[in-house]
Amino acid sequence: MKIELNPDAEIVKTVKEGLQQTGGYCPCRRERTPETKCMCKEFRDQIADADYEGFCHCMLYYKRK
Ligand code: SF4
């Protein structure tokens, strides 16, 4: 298992700018809760799921099996 940044530098830049503006909360969600703080619960659950391979919701990270 490996977590990588999206190879598209433009997407990484945009999402990181969004994270800076929200103080570290997921820029693609409205709620500001511990579940939406990056790395959010959704992605942490995807990391924990041995069968999941793919991007996080914002496409900042890619999880490889
Ligand atoms: S979707 Fe990705 S960028 Fe957004 S909070 Fe979750 S891990 Fe971070």
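Cysteine 40 is buried, at 7% relative accessibility. Buried means under 20% relative accessible area, exposed means over 50%, and partly exposed lies in between (1.4 Å probe, protein chains only). This is a predicted model, in which local features need pLDDT of at least 70, side-chain atom pairs count only at pLDDT 80 or more, and totals for chains, interfaces and linings use all residues. Residues are numbered from 1 along each chain as its sequence is written, and side-chain values use heavy atoms, with hydrogens and water left out.

| Residue | Relative accessible area | Class |
|---|---|---|
| Cysteine 26 | 5% | buried |
| Cysteine 40 | 7% | buried |
| Cysteine 58 | 15% | buried |
| Cysteine 28 | 35% | partly exposed |
| Glutamate 35 | 42% | partly exposed |

**The disulfide**

The structure holds 1 disulfide (a pair of cysteine sulfur atoms within 2.5 Å). Cysteine 28 and cysteine 58 form the pair, with S to S at 2.3 Å. The pair links distant parts of the chain, 30 residues apart. Cysteine 28 is in the loop between helix H1 (9-22) and helix H2 (41-48). Cysteine 58 is in the loop between strand S2 (54-55) and strand S3 (61-64). Helices (H or I, at least four residues) and strands (E, at least two) are DSSP runs, numbered from the N terminus. The link of cysteine 28 and cysteine 58 is left-handed, at -95 degrees about the S-S bond.

**The ligand and the cavity**

The ligand is surrounded by Val15, Cys26, Arg29, Cys38, Met39, Cys40, Phe43, Cys56, His57, Cys58, Leu60 and Tyr61. Ala, Val, Leu, Ile, Met, Phe, Trp, Tyr, Cys and Pro count as nonpolar, Asp, Glu, Lys and Arg as charged, and the others, Gly among them, as polar.

The space taken by the ligand is the largest cavity. A cavity is a set of points, on a 1 Å grid over the protein atoms alone, where a 1.4 Å probe fits but cannot get out. The structure holds 1 cavity of 30 Å³ or more. The largest cavity has a volume of about 80 Å³, the space filled by probe spheres set on the points. Its lining has 12 nonpolar, no polar and no charged residues. Among the lining residues are Leu19, Pro27, Cys26, Cys40 and Cys58, each with an atom within 4 Å of a point.

**Glutamate 35**

Glutamate 35 sits in the loop between H1 and H2. Glutamate 35 and tyrosine 25 are 10 residues apart in sequence and 8.9 Å apart in space, C-alpha to C-alpha.

Definitions and conventions:
Near = heavy atom within 4 Å. 1 Å grid on protein atoms, 1.4 Å probe; cavity = no way out; pocket = protein on both sides within 12 Å on 5 of 7 lines; lining within 4 Å. Sits in = over half its atoms within 2 Å of the grid points.
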